[in-house]
Amino acid sequence: MALKVYADRISPPSRAILIFCKVNGIDFEEIQVEILKNQQYSPEYKAINPLHQVPAIADGRFKLFESHAILIYLSCAFPGVANHWYPGDLFKRAKIHSILDWHHSNLRRGSAGLSFNTIVAPLKGLPSYAQVTKESEQVLVRSLSKLELFWLKDGRFLLGSSQPSIADLSLVCEIMELELQSEEDGHRILGPYKKVLQWMEDTKSATAPHFDEVHGVLFKSQKGIREWMATQSGKTELKSKM
């Protein structure tokens, strides 16, 4: 029975799981759960994840959610997964866990807050708060700085490794969400961090061609969302002049 992966490719954690499975040759069935259509609240999906979030997996009768837990499980449950993704060495694993924990309370908090308030909330007709947007961007910028100056100080990949781990994949997929911001804002936020940009390229290369294939929905959405954001900005400017 093939592994089932419940995902929405617009979600960074979902993309990380899909890329990981494809890169490591894991046989799986992708089941789309469109969060902008609120499909995560369906009774069918509630039986998989009562917390209504993506991604989630079902491996036989075993169900699991939270992307970091899923990546760890897949690394251990499928013997064909290369060791560099989640090394057997206890010390290296502990270091990977430290990055994943840091990710949730820093990089993801900033990225998700920015995306929700500038894109998701307006698209769904929900209120968006300028102060929350500003604070989220500040958290994101501080996180990128920590990546540049600390986490990436010793090598091509996190923790000075010569090959990517599940932490590299998870964090790079998160930062890719900036592709949906305006070109100007994306460059302003990410442009100063040259090590981060090179690390992203190295991670893409290490997971090619699957990285770009899974991110295809993001690239396709980019033009439409940027054009829509520009019209919203124009409306805001018009209102401020009235």
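Me: How many strands form the open sheet, and in what order?
Reply: The open sheet is formed by 4 strands in the order 2-1-3-4, and the pairing is mixed. Strands (E, at least two residues) and helices (H or I, at least four residues) are DSSP runs, numbered from the N terminus. Two strands pair if DSSP finds at least two bridges between them.

Me: Before we go on, what kind of model is this?
Reply: This is a predicted model, in which local features need pLDDT of at least 70 and side-chain atom pairs count only at pLDDT 80 or more, while totals for chains, interfaces and linings use all residues. Residues are numbered from 1 along each chain as its sequence is written, and side-chain values use heavy atoms, with hydrogens and water left out.

Me: How many bridges join strand 3 to strand 4?
Reply: Strand 3 (residues 56-59) is joined to strand 4 by 4 bridges, and the two run antiparallel. Within this pair, Ala-58 stands opposite Lys-63 in strand 4.

Me: Which strands does helix 1 touch?
Reply: Helix 1 (residues 12-23) packs on the sheet and touches strand 1 (3-7) and strand 2. Contact means heavy atoms within 4.5 Å. The direction of helix 1 makes about 150° with that of strand 1. Axes are lines fitted to C-alpha atoms, for helices over the stretch in contact, and angles run from 0 to 180 degrees between N-to-C directions.

Me: And where does helix 3 lie?
Reply: Helix 3 (residues 67-77) lies across strand 1, strand 3 and strand 4, and it runs at about 135° to strand 4.

Me: New topic: the peptide bond from Val-54 to Pro-55, cis or trans?
Reply: That bond is cis, with omega near 0°. Pro-55 is in the loop between helix 2 (43-46) and strand 3. A cis peptide bond also joins Ala-208 and Pro-209, with omega about 0°.

Me: Where is Pro-209?
Reply: Pro-209 is in the loop between helix 9 (194-206) and helix 10 (210-214).

Me: What about Asn-38: is its phi positive or negative?
Reply: Phi of Asn-38 is positive, near 60°, in a residue other than glycine. Asn-38 is in the loop between strand 2 and helix 2.
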